[in-house]
Amino acid sequence: MARMHARRRGKSSSVRPARNEAPAWSNTDKAAIEKLIVDLRKEGTSSSMIGLILRDRYGVPDVKMVTGKRIGDILKENKISSEIPEDLRDLMIKALGLRKHLGDNKKDLHNKRQLHLVEAKIRRLVKYYTGTKKLPAGFTYKPENAEILLSR
């Protein structure tokens, strides 16, 4: 499979082993894991970091295998999920950083192209999330309003 904005191919990555149940050494207490997820989110941790913390510190290799729900679903049930999806939020932060850099370095053509590519990804994701109703129907990405959106 080729890369999105380059013509070269990427390296293949590792794949998790296929399992139906959690390994014997893992933490399988559903209530404790859900409480940990809620507590970590209230501290301000993103959902991807919650998964890494659960894996590295608490011995939970796969939250969905143990609880039957994804981390995002658990956060929605407890009404503490963010209004902007995490991948879109990260791309918006990246675009803001590139815009700030280009404000200081106007002739930096390489980063100007990167900004165009990142904003194209943002627009594609916004189209996807408005179609799946994870974002409101009238949501559009505007660089001027992005900083205000991210501060919430």
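Colleague: What makes the space of about 970 Å³ a pocket?

Modeller: The largest pocket holds about 970 Å³. On a 1 Å grid over the protein atoms alone, a pocket is an open set of points with protein on both sides within 12 Å along at least five of seven lines, whereas a cavity is a set where a 1.4 Å probe fits but cannot get out. The volume is the space filled by probe spheres set on the points, which are joined across faces, edges and corners. The model is predicted, so local features need pLDDT of at least 70 and side-chain atom pairs count only at 80 or more, while totals for chains, interfaces and linings use all residues. Residues are numbered from 1 along each chain as its sequence is written, and side-chain values use heavy atoms, without hydrogens and water.

Colleague: Which residues line the largest pocket nearest its centre?

Modeller: Of its 33 lining residues, Ser-47, Arg-70, Ile-71, Gly-72 and Glu-86 lie nearest the centre; a lining residue has an atom within 4 Å of a point. H2 gives the most, six residues; helices are DSSP runs of H or I with at least four residues, numbered from the N terminus.

Colleague: Why are H5 and H6 called roughly antiparallel?

Modeller: Their axes cross at roughly 155 degrees and come within 9 Å. Axes are lines fitted to C-alpha atoms over the stretch in contact, and angles run from 0 to 180 degrees between N-to-C directions. Angles under 35 degrees count as roughly parallel, over 145 as roughly antiparallel, 65 to 115 as roughly perpendicular and the rest as oblique. H5 and H6 are therefore roughly antiparallel.

Colleague: What is the angle between H1 and H2?

Modeller: H1 and H2 pack at about 130 degrees, with their axes 10 Å apart. That makes H1 oblique to H2. The crossing of H1 and H2 is right-handed.

Colleague: Which residues of H1 meet H2?

Modeller: Ile-33, Leu-36, Ile-37, Leu-40 and Arg-41 in H1 meet residues of H2 including Ile-50 and Tyr-58, where contact means heavy atoms within 4.5 Å.

Definitions and conventions: Helix = DSSP H or I, 4+ residues; strand = E, 2+ residues; numbered from the N terminus. Left-handed = near helix turned anticlockwise from the far one by under 90°.
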